[in-house]
Amino acid sequence: MRIVVVGAGPAGATAALVLARQKRHEVVLVDRDTFPRVKTCGSALSPRSIALLQELELAPVLRPKAYGICGLRFTGPVGRLSTMSGPEAAWVIPRAELDAEIAFAAERAGARFVQGVKVIRALRDASGHIRGVSDGKQEIEADLVLFADGAHSRFSEDTRTKRQIATIMGWWEGVSFQPGLVEMWFDRRVKPWYGWLFPETSKRVNIGICYDPADPVQPRDIFWAVVGKHVGARMNGADMVQRFRGAPIVYTERPERVSAPGALWIGEAARLTNAATGEGICYALQSGAMAAQLVGRSQDGALVEAYRQAIRRT
C-alpha cells in the first residue's frame, strides 16, 4: 500500500515507524515543521508511555535523553501536601528530542520523511473516498492516509464541538526543586485541573498550568495566580530560558469519526487525550501503533471499522 502520514508528532511518527518496519508499504511521513522543533508540552512520559517505547525498541536510545522521575509532590485544593516516591517510573524528555527521535527512527526504517511541507487539502475520488493529500502545489496520492495533525486538525470529520483544556507554560533555570520529583498543584483557581513543575535536567524546569479556555482572565495572570502561590518564592532570581507558550488540549469521553474510507485519525487529531491530566503522549503512541498494526492485519474493506472498534474498546 501507499500510505501517507500527516503529522510527525508521537502518533504519526510511531505509525510511520511501525508501518516502515513491516516492509510491505510505501510510507511517506509529512510535517509542516523542520525537525527538531519545539513543542508546547509538559514533556512527561508516564509509565505506560515508557512501556510502549520499550515495545517499539526506542527506550534504549531515549533513556540517555531522559530526566528520571521517581516520585510526585502533590498539593491538594486546600493546600495539603503529599509526597509519593519509589523507584524510577517516569521520564521527562523535551518534545523537540522525543518527536525527532521517533520520526528519524521511522526514516531509518524506510519511511520517506518530508519536512517543511504543510498539507492543506485531502484528495478525494468521485465517491468521496480519501485518496491522498496536497500542500496546494503538489499532490501525494495514497491508498491510505493517517491524519495525525493534532488538536487543530483541519481534516477531522468529527463535527461535535471540541472540548478543550487550555495550557500555558514556560521554562526556567535556577528554580529549586527536589531532584527526581515532579510537582502538581490542584489549585482551586484552575479546578478541575492543575499547575505543575516538571524538571527536564538538573537545572531546567518547565512550569505551567491547565485551565478553562473560557476563563476571561488573561492567561499569564492566571498562571501567576497559581504558580506564585506554590513556587513563586523559589523563582526569585531564576532565569526564564524560553518564553511562555500555550496550546489547547482536545479531549472526548467517546471517540467518534476516527476513521473513514481511505483514512484513519490518530493521536490528538482523534481527540485521544486524558481529560483529567491532559496526557496525550501515551494515547498518541498507542493509537499510532494500533493503526499501523491493523493495517498489517486487516483486509482492505474491514480496516475502517476494525480501527473504529479498536479505538472505542481501548
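Trainee: Is the crossing of α2 and α6 left-handed or right-handed?

Mentor: Left-handed. The rule: a crossing is left-handed if the near helix is turned anticlockwise from the far one by less than a right angle, and right-handed if clockwise. One caveat before we go on: this is a predicted model, so local features need pLDDT of at least 70 and side-chain atom pairs count only at pLDDT 80 or more, while totals for chains, interfaces and linings use all residues. Residues are numbered from 1 along each chain as its sequence is written, and side-chain values use heavy atoms, with hydrogens and water left out.

Trainee: At what angle do α2 and α6 pack?

Mentor: Two packed helices are described by the angle between their axes and the distance between the axes. Here α2 (residues 47-55) and α6 (residues 281-297) pack at about 30°, with axes 8 Å apart. That makes α2 roughly parallel to α6 (angles under 35 degrees count as roughly parallel, over 145 as roughly antiparallel, 65 to 115 as roughly perpendicular and the rest as oblique). Axes are lines fitted to C-alpha atoms, for helices over the stretch in contact, and angles run from 0 to 180 degrees between N-to-C directions. Helices (H or I, at least four residues) and strands (E, at least two) are DSSP runs, numbered from the N terminus.

Trainee: Which residues make the contact?

Mentor: Contact means heavy atoms within 4.5 Å. From α2 come Arg48, Ser49, Leu52 and Leu53; α6 brings Ile281, Cys282, Tyr283, Leu285 and Gln286. By class, that is 6 nonpolar, 2 polar and 1 charged residues.

Trainee: On to strands. How many residues of β8 are buried?

Mentor: Buried means under 20% relative accessible area, exposed over 50%, partly exposed in between (1.4 Å probe, protein chains only). In β8 (residues 130-134), 4 of the 5 residues are buried.

Trainee: What does β8 pair with?

Mentor: Two strands pair if DSSP finds at least two bridges between them. β7 (residues 121-124) joins β8 antiparallel through 4 bridges, with Ala122 partnered by Val133. β9 (residues 139-141) pairs with β8 in the antiparallel sense over 3 bridges, and Gly132 stands opposite Glu141. Check the hairpins too: Gly128 takes a positive phi near 95° in the one of β7 and β8, and Gly136 takes a positive phi near 95° in the one of β8 and β9.

How values were computed. Nonpolar A, V, L, I, M, F, W, Y, C, P; charged D, E, K, R; others polar.
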